[in-house]
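Reader: Could we go through this model together, starting with its pockets?

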Amino acid sequence: AGIVTCRYRHFAFVRKRIPVGGATDFVLPSTGDVLDVHRLACAPDAVSPTPVQAPSHYLMQKYLALASPTLFPGAVDAPDHPVLVPGRYVNLGPSITVFVLNLSTPATPSASTPVFGGLLLYFADARLAAAHLRHLKFVDGAKLCLVCRDRTALRHEVGRLEVEETWRLRLRDEFQTASPVGASPLFFLTGTYCP
């Protein structure tokens with residue numbers, strides 16, 4: 001009930017101490033007391049109605065944490081069908097379980113590997129190969145979200161990971177963070193699993 005639960009097979013912990021500052025927060029667009037999550041991202045090449053004065057990474061992480069029930073509907077309140085995130089942990093909010101794939105292990109899944117409700121490729125590591133993804137199982141209609149620094153990298157990762165073989169991707173499902181003018185936005189593409 002609102003508590004984030006994490007399961008790790010191998011866990012490394014690093015603590016960073018910042019003696020001054022920290023806890024910097026940015027003013028995000030809101031309607032009354034509710035954060036307007038749809039103003040954190042927009043279609044590429046579209047002029048954002050009001051750019052958000054915050055770093056692109058911050059906007060992307062906030063968007064993923066708040067819009068994850070829309071991005072990954074099959075994983076909402078379904079701990080048996082977590083969202084797979086290779087190589088790193090990303091906060092997807094309290095209603096979605098995240099499964100972090102250790103990229104230093106072999107590509108063959110074990111009997112305890114779940115059937116996934118979604119796939120988040122957040123700046124996919126170069127160690128991640130198409131073979132890793134081929135051996136994994138996803139529920140029908142699972143969602144994909146691929147995040148990259150620019151549109152060229154987005155298209156390169158689609159080809160390198162061969163995601164278009166089992167995921168339906170459309171250009172109208174491509175978005176970018178609503179970054180201020182002059183800042184480099186992050187781009188992301190969504191798709192649906194079609195085995």
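Author: A pocket, on a 1 Å grid over the protein atoms alone, is an open set of points where a 1.4 Å probe fits, with protein on both sides within 12 Å along at least five of seven lines; lining residues have an atom within 4 Å of a point. A volume is the space filled by probe spheres set on the points, which are joined across faces, edges and corners. This is a predicted model in which local features need pLDDT of at least 70 and side-chain atom pairs count only at pLDDT 80 or more, while totals for chains, interfaces and linings use all residues. Residues are numbered from 1 along each chain as its sequence is written, and side-chain values use heavy atoms, without hydrogens and water.

Reader: What is the volume of the second largest pocket?
Author: That pocket has a volume of about 280 Å³.

Reader: Which residues lie nearest its centre?
Author: Of 16 lining residues, Thr 70, Leu 71, Asp 173, Phe 175 and Thr 190 lie nearest the centre. The elements that give two or more residues to the lining are strands E3 (41-42), E7 (138-148), E8 (167-177) and E9 (187-193) and helix H1 (56-71). Helices (H or I, at least four residues) and strands (E, at least two) are DSSP runs numbered from the N terminus.

Reader: Which element gives the most?
Author: E8 does, with five residues.

Reader: Changing topic, how many aromatic pairs are there?
Author: A search of the whole structure finds eight. Rings of Phe, Tyr and Trp (its six-membered ring) pair if their centres lie within 6.5 Å; planes under 30 degrees apart count as stacked, over 60 as edge-to-face and the rest as tilted. One of the pairs is Phe 99 with Phe 116, edge-to-face at 5.2 Å centre to centre and 70° between the planes. Phe 99 is in strand E5 (residues 98-101) and Phe 116 in strand E6 (residues 116-122), 17 residues apart.

Reader: Are those two buried or exposed?
Author: Both Phe 99 and Phe 116 are buried (under 20% relative accessible area; exposed is over 50%, partly exposed in between, with a 1.4 Å probe and protein chains only). They also belong to one aromatic cluster with Phe 138, Trp 167 and Tyr 193.

Reader: And the backbone: what is phi of Asp 77?
Author: Phi of Asp 77 is near 50°, a positive value in a residue other than glycine. Asp 77 sits in the loop between H1 and strand E4 (83-86), and is exposed, with a relative accessible area of 63%.

Reader: Where is Phe 123?
Author: Phe 123 is in the loop between E6 and helix H2 (130-134). Its phi is positive, about 50°, and at 14% relative accessibility Phe 123 counts as buried.
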